[in-house]
Amino acid sequence: MMDQIFNWCVNILVYWAGIFGITYKEINVCVFVIIWPILTIILIGIIVMQRRMISQLSRRPREQP
(Lines give C-alpha, C1' and ligand atoms only; values in the text may rest on other atoms or scores of the structure.)
Protein backbone atom coordinates (compact mmCIF):
# COMPACT_ATOMS: atom_id res chain seq x y z
CA MET A 1 0.00 0.00 0.00
CA MET A 2 2.74 2.46 0.99
CA ASP A 3 4.68 1.67 -2.19
CA GLN A 4 1.61 2.41 -4.29
CA ILE A 5 1.11 5.79 -2.63
CA PHE A 6 4.80 6.64 -3.07
CA ASN A 7 4.75 5.61 -6.74
CA TRP A 8 1.58 7.64 -7.31
CA CYS A 9 3.23 10.74 -5.78
CA VAL A 10 6.39 10.23 -7.84
CA ASN A 11 4.31 9.91 -11.00
CA ILE A 12 2.54 13.19 -10.19
CA LEU A 13 5.89 14.95 -9.68
CA VAL A 14 7.25 13.49 -12.93
CA TYR A 15 4.11 14.68 -14.73
CA TRP A 16 4.43 18.21 -13.28
CA ALA A 17 8.13 18.25 -14.15
CA GLY A 18 7.25 17.45 -17.76
CA ILE A 19 4.66 20.23 -17.84
CA PHE A 20 7.11 22.82 -16.49
CA GLY A 21 10.06 21.51 -18.51
CA ILE A 22 12.26 20.71 -15.53
CA THR A 23 13.63 17.52 -13.99
CA TYR A 24 12.07 15.39 -11.27
CA LYS A 25 14.77 16.52 -8.83
CA GLU A 26 14.08 20.19 -9.54
CA ILE A 27 10.31 19.85 -9.04
CA ASN A 28 10.98 17.85 -5.87
CA VAL A 29 13.14 20.69 -4.49
CA CYS A 30 10.55 23.29 -5.53
CA VAL A 31 7.75 21.46 -3.76
CA PHE A 32 9.46 20.27 -0.58
CA VAL A 33 12.07 22.99 0.00
CA ILE A 34 10.28 26.09 -1.27
CA ILE A 35 6.50 25.69 -1.62
CA TRP A 36 5.79 23.47 1.41
CA PRO A 37 7.64 25.70 3.95
CA ILE A 38 6.02 28.85 2.52
CA LEU A 39 2.55 27.30 2.82
CA THR A 40 3.35 26.15 6.36
CA ILE A 41 4.35 29.69 7.39
CA ILE A 42 1.22 31.13 5.76
CA LEU A 43 -1.02 28.61 7.54
CA ILE A 44 0.64 29.32 10.90
CA GLY A 45 0.02 33.03 10.28
CA ILE A 46 -3.66 32.35 9.56
CA ILE A 47 -3.96 30.32 12.76
CA VAL A 48 -2.38 33.13 14.81
CA MET A 49 -4.71 35.74 13.26
CA GLN A 50 -7.78 33.57 13.89
CA ARG A 51 -6.80 32.99 17.52
CA ARG A 52 -6.42 36.74 18.01
CA MET A 53 -9.83 37.35 16.43
CA ILE A 54 -11.42 34.69 18.62
CA SER A 55 -9.88 36.12 21.78
CA GLN A 56 -11.06 39.63 20.84
CA LEU A 57 -14.56 38.38 20.16
CA SER A 58 -14.69 36.41 23.40
CA ARG A 59 -13.67 39.51 25.41
CA ARG A 60 -16.40 41.65 23.83
CA PRO A 61 -19.54 41.96 26.00
CA ARG A 62 -22.53 40.14 24.58
CA GLU A 63 -25.55 42.11 23.49
CA GLN A 64 -28.78 41.51 25.35
CA PRO A 65 -31.83 40.77 23.14
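Biologist: What covers the buried residues of helix 1?

Modeller: Among what covers them is helix 2. Please keep in mind that this is a predicted model, in which local features need pLDDT of at least 70 and side-chain atom pairs count only at pLDDT 80 or more, while totals for chains, interfaces and linings use all residues. Residues are numbered from 1 along each chain as its sequence is written, and side-chain values use heavy atoms, with hydrogens and water left out. Helices here are DSSP runs of H or I with at least four residues, numbered from the N terminus.

Biologist: Which residues of helix 1 are buried?

Modeller: They are Val10, Leu13 and Ala17, where buried means under 20% relative accessible area, exposed means over 50%, and partly exposed lies in between, using a 1.4 Å probe and protein chains only. Seen down the axis of helix 1, these buried residues fall within an arc of 60 degrees, so they line one face of the helix; the arc is that of the directions from the helix axis to the C-beta atoms.

Biologist: And what sits on the face turned away from that buried side?

Modeller: That face of helix 1 carries the exposed residues Gln4, Trp8, Asn11, Tyr15, Gly18 and Ile19.

Biologist: Back to the two helices: at what angle do their axes cross?

Modeller: Helix 1 (residues 2–20) and helix 2 (residues 24–59) have axes that cross at roughly 105 degrees and come within 9 Å. That makes helix 1 roughly perpendicular to helix 2, a label that applies to angles of 65 to 115 degrees. The contact, meaning heavy atoms within 4.5 Å, is made by Val10, Leu13, Val14, Trp16, Ala17 and Phe20 from helix 1, together with Tyr24, Ile27, Asn28, Val31 and Phe32 from helix 2.

Biologist: Is Trp16 buried, partly exposed or exposed?

Modeller: Tryptophan 16, which is in helix 1, is partly exposed, with a relative accessible area of 39%.

Biologist: What follows helix 1?

Modeller: Glycine 21 follows helix 1, and the phi of this glycine is positive, near 70 degrees.

Biologist: Changing topic, where is glutamine 64?

Modeller: Glutamine 64 is in the segment after helix 2, and this residue is exposed, with a relative accessible area of 71%. Between the C-alpha atoms of glutamine 64 and phenylalanine 32, which are 32 residues apart along the chain, the separation is 51 Å.

Notes: Axes are lines fitted to C-alpha atoms, for helices over the stretch in contact, and angles run from 0 to 180 degrees between N-to-C directions. Angles under 35 degrees count as roughly parallel, over 145 as roughly antiparallel, 65 to 115 as roughly perpendicular and the rest as oblique.
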